[in-house]
Structures are given as C-alpha cells and as structure tokens.
Amino acid sequence: MSKKEKVLDAILSQGMLPLFFYEDAEVSLEIIRTMYNAGVRVIEYTNRGIEALSNLYSIKQRVSVDMPGLYLGIGTIKTGLEAEAFVDAGADFIVSPIIDSEVALVANNYDLLYIPGCMTPTEIHVAQQYNTRLIKIFPANILGPAFISSIRELFPGQLFIPTGGVELEAANIAEWFRAGVCAVGMGSKLISRNVLDNRLYSQLYNDTLKALELVQLSK
Ligand SMILES: O=C[C@H](O)COP(=O)(O)O
C-alpha cells in the first residue's frame with residue numbers, strides 16, 4: 001500500500017482529522033503527543049504562522065522516533081512553493097483551503113495525498129480533475145450538512161471531510177455523518193487557543209477521547 005493510501009485509510013478509520021498551529025514548537029509537540037496517547041494516528045499541522053515550517057521539521061524528527069505510526073500532514077497550503085517546502089520538511093500529506101493546480105502537481109510528484117478545499121459543485125468538479133480522493137468542504141459551518149446531502153449524488157463515490165466550525169458535540173458530529181461525510185476536520189473546538197496557551201493537556205486528552213468516541217458512534 002502506498003503512503004497516500006495509508007494516510008487516506010488512517011483518516012477514514014479515525015473518522016476525524018485534528019488540526020492546529022501553535023507558535024511554540026515544544027508545545028506543538030506536546031499537543032501532538034497528547035492526541036497520540038489518546039489514540040490519534042493522523043494530524044494536520046497548519047501553515048498559519050512564520051514558525052510553521054521550522055516547527056513542522058523539528059516536530060517530524062521527534063514524531064519519527066517517539067510516535068510510530070503517526071502521520072503528520074500540513075494544512076493551509078496555497079502554492080506549489082509552500083507545498084515543496086513542507087514536503088521537504090517531512091509533511092506526510094497536504095491540505096488546502098482552496099484547490100490549486102501547482103499544489104496538486106507537487107503532491108502528485110511525491111505521490112502524497114492532497115486534500116483540496118472546495119465550497120461549490122464547480123470547485124468539486126475541478127478538484128476531481130486531479131484525481132482527488134478526499135475533498136475538504138470549507139468553511140463547513142457556512143455550508144452546513146444540507147450542502148453535503150444536496151450534492152453528494154452528483155459526485156458518486158467522492159469522499160468529503162467538512163472542516164470549519166465542526167463542534168465537539170454528539171448532535172453536530174452525527175448530523176455531518178448522516179449527511180454522508182467520511183470524516184470531520186476538528187480545529188479550534190478541540191484544540192482551542194485556551195488549551196494551547198494554558199497547556200491544558202489533560203483536558204485535550206479527554207476531549208480527544210470524546211471526539212474519537214463520538215465519531216465512531218456516528219459513522
Ligand atoms: O481549515 C481549518 C479551519 O479553519 C478550522 O476551523 P475550526 O477551527 O472552526 O475547526
């Protein structure tokens with residue numbers, strides 16, 4: 001199985017993709033370790049600050065030693081140059097808030113999973129031209145689960161992961177899965193600024209267990 005397939009499998013079986021960025025690399029590593037200890041095996045670190053590239057590089061070195069079986073991707077990638085830099089730094093997969101042909105090309109060259117962001121049926125159609133297996137529906141809370149129910153018959157077999165505003169709540173997660181998604185992206189509702197700034201690792205551990213459980217119940 002290629003790495004691309006293994007990452008996709010990991011996201012599908014986990015049913016949720018945690019995502020975050022934090023300026024401090026050591027805190028970022030501890031956040032990742034906390035989620036790993038709760039059972040998470042695939043995480044998206046986001047390109048939301050100037051430290052993102054060096055952080056990803058140093059975190060990846062430690063993950064390779066301390067956290068076997070963890071896939072660490074990079075999100076908020078909008079250009080081919082960014083994609084190249086983060087793949088060089090060790091990113092296992094690439095996520096975008098948009099669909100970009102240069103990013104798709106880089107992912108293809110390295111045979112890595114690319115998860116582009118789409119908000120309209122036309123964008124989904126464009127993403128499919130790049131053989132995209134999994135599409136991020138973004139911003140998910142603006143579109144809502146009804147968007148997925150309305151368009152999924154137009155794109156048979158296409159996998160969707162709504163991201164943006166997904167709540168750590170049984171009803172919200174269940175509604176997304178009922179609409180037909182295969183996983184949900186979870187950022188600030190799981191890894192809040194408060195958790196990051198105040199190093200609330202045990203809260204994050206418990207919330208991660210809760211998120212994993214809610215997703216399994218909803219699948
Ligand atoms: O692309 C990622 C989203 O901005 C995450 O949104 P969220 O923090 O509401 O989960």
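First, what counts as a pocket. The search runs on a 1 Å grid over the protein atoms alone; a cavity is a set of points where a 1.4 Å probe fits but cannot get out, while a pocket is an open set with protein on both sides within 12 Å along at least five of seven lines, and lining residues have an atom within 4 Å of a point. A molecule sits in one of these if more than half of its atoms lie within 2 Å of its grid points.

Now the caveats. This is a predicted model, with local features needing pLDDT of at least 70 and side-chain atom pairs pLDDT 80 or more, while totals for chains, interfaces and linings use all residues. Numbering starts from 1 along each chain as its sequence is written, and side-chain values use heavy atoms, leaving out hydrogens and water.

So where does the ligand sit? The ligand takes up the space of the largest pocket. That pocket has a volume of about 370 Å³; a volume here is the space filled by probe spheres set on the points, and grid points are joined across faces, edges and corners. The lining has 20 residues, and L19, F20, R48, G187 and S188 are the closest to the pocket's centre. Elements giving two or more residues to this lining are β1 (16–20), β9 (184–186) and α10 (193–197). Those are DSSP runs numbered from the N terminus: helices are H or I with at least four residues, strands are E with at least two. By class, the lining has eight nonpolar, seven polar and five charged residues. Ala, Val, Leu, Ile, Met, Phe, Trp, Tyr, Cys and Pro count as nonpolar, Asp, Glu, Lys and Arg as charged, and the others, Gly among them, as polar.

Next, the ligand shell. L19, R48, K136, F138, T163, G164, G165, G187, S188 and K189 surround the ligand, each with a heavy atom within 4 Å of it. Two of these shell residues are nonpolar, five polar and three charged.

Which residues make polar contacts, meaning pairs of N or O atoms within 3.5 Å? The side chain of K136 puts an N or O atom 2.7 Å from a ligand oxygen. S188 also has a polar side-chain atom 2.7 Å from an oxygen of the ligand. G187 uses its backbone, with an N or O atom 2.9 Å from a ligand oxygen. How much of the ligand is buried? Alone, the ligand exposes 310 Å², and the protein buries 84% of that, using Shrake-Rupley areas with a 1.4 Å probe.

On to the cavity. The count is one cavity of 30 Å³ or more. Its lining is L17, L19, E44, V95, I115, K136, I161 and T163. That makes five nonpolar, one polar and two charged residues.

The second largest pocket holds about 220 Å³. Residues lining it include K4, Y114, Y130, N131 and R133. Here α5 (101–109) and β5 (113–115) each give two or more residues. The largest share, four residues, comes from α5. By class, this lining has seven nonpolar, three polar and two charged residues.

Last, the backbone. The F138 to P139 peptide bond is cis, with omega near -5 degrees. P139 is in the loop between β7 (134–137) and α7 (140–143). N131 is not a glycine, yet has a positive phi of about 55 degrees. N131 lies in the loop between α6 (121–128) and β7.

Definitions and conventions: A polar contact is a pair of N or O atoms within 3.5 Å; within protein, one must be able to donate a hydrogen and the other to accept it, and residues adjacent in sequence count only if both atoms are side-chain atoms.
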